[in-house]
Amino acid sequence: MPLPAGQGAKGMWLYDWAWIALPYIVDEGFERWLLIRRSRKEPDKFAYYLSFAPEGTTPEELARAVGLRWTIEECFLRAKDDLGLDHCEARSWHGWQRHMSLVMAAAAFLARLSAALKRNAFRKANETSPCSRIAD
């Protein structure tokens, strides 16, 4: 069944999906699934995911959860490159904890600031646009 796994720079990530309920014993109210993703551009490429989710979780929700992996990886890569997440040489748990907490707080602050700036920039009328001159 074709389902989107998220939104990328070039549009929706559309893949073919199959899922199989696994017969493992799990906590009440939960299910285990094997998700199989096939690329639509390269049909011989597959990816497999084990899922542990609440009962009644739809395949669409599972596909979206798989798609979040790229967002999370991008956030960690950005924190490593821009904020030095991977430059900690702490010798104690306290030093590591402080470094990670500070870097993640800075990453959250910058993400919030970036979102606010984008929101404000796209709300503003473009004064150099020919359409804004015609309206005057």
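Two strands pair if DSSP finds at least two bridges between them. Strands themselves are DSSP runs of E with at least two residues, helices are runs of H or I with at least four, and both are numbered from the N terminus. The model is predicted: local features need pLDDT of at least 70, side-chain atom pairs count only at pLDDT 80 or more, and totals for chains, interfaces and linings use all residues. Residues are numbered from 1 along each chain as its sequence is written, and side-chain values use heavy atoms, with hydrogens and water left out.

Strand β3 (residues 30-39) pairs with β4 in the antiparallel sense, over nine bridges. Six residues separate β3 and β4, which form a hairpin. The bridge partner of F30 in β4 is P54.

P54 also meets a loop residue. The side chain of T57 reaches the backbone oxygen of P54 at 2.6 Å. T57 lies in the loop between β4 (46-54) and α1 (59-83). T57 counts as buried because its relative accessibility is 17%; buried means under 20% relative accessible area, exposed over 50%, and partly exposed in between (1.4 Å probe, protein chains only). Leaving aside neighbours within four places in sequence, T57 is in contact (heavy atoms within 4.5 Å) with E31 and L62.

Helix α1 also holds F76. F76 counts as partly exposed, because its relative accessibility is 42%. L68, I72, F76 and M104 form a nonpolar patch on the surface. Together the four residues have about 380 Å² of accessible area, by the Shrake-Rupley method with a 1.4 Å probe. The largest share of the patch, three residues, comes from α1.

Technical notes:
Polar contact = N/O pair within 3.5 Å; in protein donor to acceptor, adjacent residues only side chain to side chain. Patch = residues over 30% accessible without salt bridge, like charges linked within 9 Å, V, L, I, M, F, W, Y side chains within 5 Å. Salt bridge = Lys/Arg side-chain N within 4 Å of Asp/Glu carboxyl O.
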